[in-house]
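I set out to record what I looked up about strand pairing and charged contacts. My entries follow the order in which I consulted the structure.

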Amino acid sequence: IPSYKIPNDRTEPLIFTIVLDPYDQLAESDETNNIASITIPIQNYGDYGTSTPNFSISPSDLAIIPKLIIPGCNIELIAAIRNNSVTKPNKSLRVQFKINGTVIKDFEVNSATFHPLQYRRVAIDWKVPSDLTENSLFEVVIDPEHEFAEDDENDNIASIILKMASPELEITEDCISWSPTNP
């Protein structure tokens with residue numbers, strides 16, 4: 001996962017581009033799908049922010065790698081938690097990762113890692129159960145016991161739907177056999 005430190009004086013959006021097989025070393029049937037770009041907006045906060053601890057998370061702050069999941073495989077669940085304060089918190093922040101309402105991980109994030117007006121990325125590896133259903137809900141809850149007196153606790157929960165990879169099955173004549181060979 002690439003990392004890029006955004007300069008403090010940056011005001012223009014960033015354009016992030018990934019190119020697969022840039023030197024065309026792999027012969028593919030479609031070479032047009034090897035590049036993707038996204039625009040990352042830059043928010044200028046200046047003197048904005050609270051003087052007391054204040055955290056937030058939204059659905060756009062959640063991610064899954066890979067995007068399409070397969071039961072039985074390992075995936076990474078990711079959350080980017082924003083410290084909306086101009087100071088670091090004085091104690092660790094409790095975080096819960098849930099699938100369909102069941103807590104799969106409950107942990108604390110060290111307060112020293114929360115820089116003022118910045119995001120802190122947290123992630124866990126999770127093995128997808130074989131019985132996970134389509135449209136399962138991935139939810140992150142920050143400060144579930146409301147240990148911090150925040151301006152708005154409504155922005156402490158975010159969720160997204162997990163997308164299951166559809167099975168692609170194929171069969172051809174040479175895959176079919178019978179026994180005995182001369183019935």
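Entry 1. I noted at the outset that the model is predicted.

Entry 2. I looked up strand β6, which spans residues 74–83. I found 8 of its 10 residues buried, so the strand is largely enclosed by the rest of the structure.

Entry 3. I then asked which strands pair with β6. Strand β9 (residues 119–127) pairs with β6 in the antiparallel sense over 9 bridges; within this pairing, Leu77 has Ile124 of β9 as its bridge partner. Strand β4 (residues 62–65) also runs antiparallel to β6 and is joined to it by 4 bridges, with Ala63 opposite Ile78. Strand β3 (residues 55–56) pairs with β6 in the antiparallel sense through 2 bridges, and Ser56 has Arg82 as its partner.

Entry 4. I counted 3 salt bridges. In one of them, the side chains of Arg121 and Glu76 meet at 3.4 Å, N to O. This pair links strand β9 to strand β6, across 45 residues of the chain. I recorded Arg121 as partly exposed, at 37% relative accessible area.

Entry 5. I turned to Arg94, whose salt bridge with Asp106 has its closest N and O atoms 2.7 Å apart. Arg94 lies in strand β7 and Asp106 in strand β8, so the pair ties together parts 12 residues apart in sequence. Arg94 also forms a salt bridge with Glu145, at 3.6 Å between the closest N and O atoms. Glu145 sits in the loop between β10 and β11, 51 residues from Arg94. I noted that Arg94, Asp106 and Glu145 are linked in a network of salt bridges.

Entry 6. Are Asp106 and Glu145 exposed or partly exposed? Asp106 is partly exposed at 36% relative accessibility, whereas Glu145 counts as exposed at 51%.

Note on methods:
Residues numbered from 1 in each chain as written. Predicted model: local features only at pLDDT ≥ 70, side-chain atom pairs only at ≥ 80, totals over all residues. Heavy atoms only, no water. Buried < 20%, exposed > 50% of the residue type's maximum accessible area, 1.4 Å probe, protein only. Pairing = 2+ DSSP bridges. Salt bridge = Lys/Arg side-chain N within 4 Å of Asp/Glu carboxyl O.
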